Amino acid sequence: MTKEGFENNGMDGVVLHEVSHEWFGNSVSPKTWSDLWLNEGHAVFYQDAWIAARGLQSQIERAWVRDHANGIGSTEDFIATASKVARTELGPFLRSWLYGTKLPAMPGHPDWKAAA
Ligand SMILES: [Zn+2]
């Protein structure tokens, strides 16, 4: 794969995410599985910052800003935009994460449980 192909296929953000785990995950390990967000939260933050710096915000983010520029938007509006861009109904998934009182099941891994 050429350097240009690597940069243009979005994998550079993924590599940056994984490299950030050298610090957030490897150098500083989470105490419990419930603290795992400390690894992923930081890695996703740096990945998103990299993507934003390159002007490559996610399709959902671009659609959100395009559709609501100079206006207002609600959580339900965001769910509608995300569902439209993803071409699948994301309402149940997003509402369980946004409003649920229990940690939702990990998609594809219903057997994974969070520590109490
Ligand atoms: Zn990660």
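Student: In what order do the elements of the protein chain run from the N terminus on?

Tutor: Good place to begin. This is a predicted model, and its elements, taken from the N terminus on, run α-α-α-α-α-α. The secondary structure comes to six helices and zero strands.

Student: How should I read the confidence, and what is the mean pLDDT of the protein chain?

Tutor: The general idea is that where pLDDT is low, the predicted coordinates should not be read in detail. Here the protein chain has a mean pLDDT of 84, and 89% of its residues reach 70 or more.

Student: Which element has the lowest mean pLDDT and which the highest?

Tutor: Helix α1, residues 3-8, has the lowest mean, 53. Helix α5, residues 75-86, has the highest, 92.

Student: Let's turn to packing. How are two packed helices described?

Tutor: Two packed helices are described by the angle between their axes and by the distance between those axes. Take α2 (residues 11-20) and α3 (residues 37-53): their axes come within 8 Å and cross at roughly 145°. The crossing of these two helices is right-handed.

Student: Which residues make that contact between α2 and α3?

Tutor: From α2, the contact uses G13, L16, H17 and S20. From α3, it uses H42, A43, V44, Y46, Q47, W50 and I51. Sorted by class, the residues of this contact are six nonpolar, five polar and no charged.

Student: At what angle do α4 and α5 pack, and how far apart are their axes?

Tutor: The angle between α4 and α5 is about 130°, with the axes 9 Å apart. That angle makes α4 oblique to α5. As for handedness, α4 passes α5 in a right-handed crossing.

Student: Which residues should I select to see the contact of α4 with α5?

Tutor: On α4, select Q59, I60, A63, W64, D67 and H68; on α5, select D77, F78, T81, A82 and V85. By class, this contact has six nonpolar, three polar and two charged residues.

Student: You listed T81 there. Is T81 buried or exposed?

Tutor: T81, which is found in helix α5, is buried, because 22 other C-beta atoms lie within 10 Å, and the cut-off for a buried residue is 20 or more. Leaving aside neighbours within four places in sequence, T81 is in contact with I60, A63, W64 and D67.

Student: What percentage of the protein chain do buried residues make up?

Tutor: Buried residues make up 7% of the 116 residues.

Student: Now the other partner of α5. How do α5 and α6 pack?

Tutor: We read them in the same terms. The angle between α5 and α6 is about 140°, and their axes are 10 Å apart. That makes α5 oblique to α6. Here α5 passes α6 in a right-handed crossing. In this contact, T75, I79, A82 and S83 of α5 meet G91, L94 and L98 of α6. The classes come to four nonpolar, three polar and no charged residues.

Student: What about the loops? Where does N70 lie, between which helices?

Tutor: N70 lies in the loop between α4 (59-68) and α5. Phi of N70 is near 60°, a positive value in a residue other than glycine. N70 counts as exposed because there are 4 C-beta neighbours inside 10 Å.

Student: What is the phi of R87, and where does R87 sit?

Tutor: R87 has a positive phi of about 60°, although it is not a glycine. R87 lies in the loop between α5 and α6 (91-99). With 7 C-beta neighbours inside 10 Å, R87 counts as exposed.

Student: Is V28 buried or exposed?

Tutor: V28 counts as exposed, because it has 11 C-beta neighbours inside 10 Å, and the cut-off for exposed is 12 or fewer. V28 is in the loop between α2 and α3. From V28 to N39, C-alpha to C-alpha, the separation is 8.4 Å in space and eleven residues in sequence.

Technical notes: Residues are numbered from 1 along each chain as its sequence is written. This is a predicted model: local features need pLDDT of at least 70, side-chain atom pairs count only at pLDDT 80 or more; totals for chains, interfaces and linings use all residues. pLDDT is the predictor's confidence in each residue, from 0 to 100. Helices (H or I, at least four residues) and strands (E, at least two) are DSSP runs, numbered from the N terminus. Axes are lines fitted to C-alpha atoms, for helices over the stretch in contact, and angles run from 0 to 180 degrees between N-to-C directions. A crossing is left-handed if the near helix is turned anticlockwise from the far one by less than a right angle, and right-handed if clockwise. Two residues are in contact if their C-beta atoms, placed from the backbone, lie within 7 Å. Ala, Val, Leu, Ile, Met, Phe, Trp, Tyr, Cys and Pro count as nonpolar, Asp, Glu, Lys and Arg as charged, and the others, Gly among them, as polar. Angles under 35 degrees count as roughly parallel, over 145 as roughly antiparallel, 65 to 115 as roughly perpendicular and the rest as oblique.
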